[in-house]
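Here is a short tour for anyone meeting this protein model for the first time. Have a look at the sequence and the fold, then read on.

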Amino acid sequence: MHTDLDATFAALADPTRRAILTRLATGEATVTELAAPFAMSQPAVSKHLRVLERAGLVSRGRDAQRRPCRLEAGPLWEATTWLAAYHDHWAESYQRLDALLDELRTADQADQADQARPRGGGTP
């Protein structure tokens, strides 16, 4: 499974490929349609699509002369599942940080209240 994850994360590492996936999330598109918003050639977009295909994130169909690309979300689900395992770790870390900040605020408020109290020491 890690090989699949490696391919998925390697494919997602490039902003152009992420943008292509975002576009495909709205529906199928041809290479020409996918290349339109980018300042790059269709062959360059095709190279990005090959990386996405190898990672299993994109597939190409055939519709007469048209070869639409479509999003294959399975590898994204696997990556999300893998990342979710770390959610509990980060949630616990943030809870410990919140507790520490609350403790520091309480101590700071106590110090401020202590400093605001009038000091004894007048003449008897």
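Which helix gives the most to the nonpolar patch? That would be H6, with 6 residues.

## About the model

This is a predicted model, where local features need pLDDT of at least 70 and side-chain atom pairs count only at pLDDT 80 or more, while totals for chains, interfaces and linings use all residues. Residues are numbered from 1 along each chain as its sequence is written, and side-chain values use heavy atoms, with hydrogens and water left out.

## The nonpolar patch

The patch covers about 960 Å² of surface, and Phe-9, Trp-82, Tyr-86 and Trp-90 are among its residues. Patch members have over 30% relative accessible area and no salt bridge, with nonpolar side chains (Val, Leu, Ile, Met, Phe, Trp, Tyr) joined within 5 Å; the areas come from the Shrake-Rupley method with a 1.4 Å probe.

Two elements give two or more residues each: helix H5 (74–84) and helix H6 (87–116). Trp-82 sits in H5. Helices here are DSSP runs (H or I, at least four residues), strands are E runs of at least two, and both are numbered from the N terminus.

## A salt bridge across the sequence

There are 4 salt bridges in the structure, each a side-chain nitrogen of Lys or Arg within 4 Å of a carboxyl oxygen of Asp or Glu. In one of them, Glu-28 pairs with Arg-70 at 2.7 Å, N to O. Glu-28 is in the loop between H2 and helix H3 (31–35) and Arg-70 is in strand E2 (residues 69–71), so this pair ties together parts 42 residues apart in sequence.

Methods
Patches are made of residues with over 30% relative accessible area and no salt bridge: like charges are joined within 9 Å, nonpolar side chains (Val, Leu, Ile, Met, Phe, Trp, Tyr) within 5 Å.
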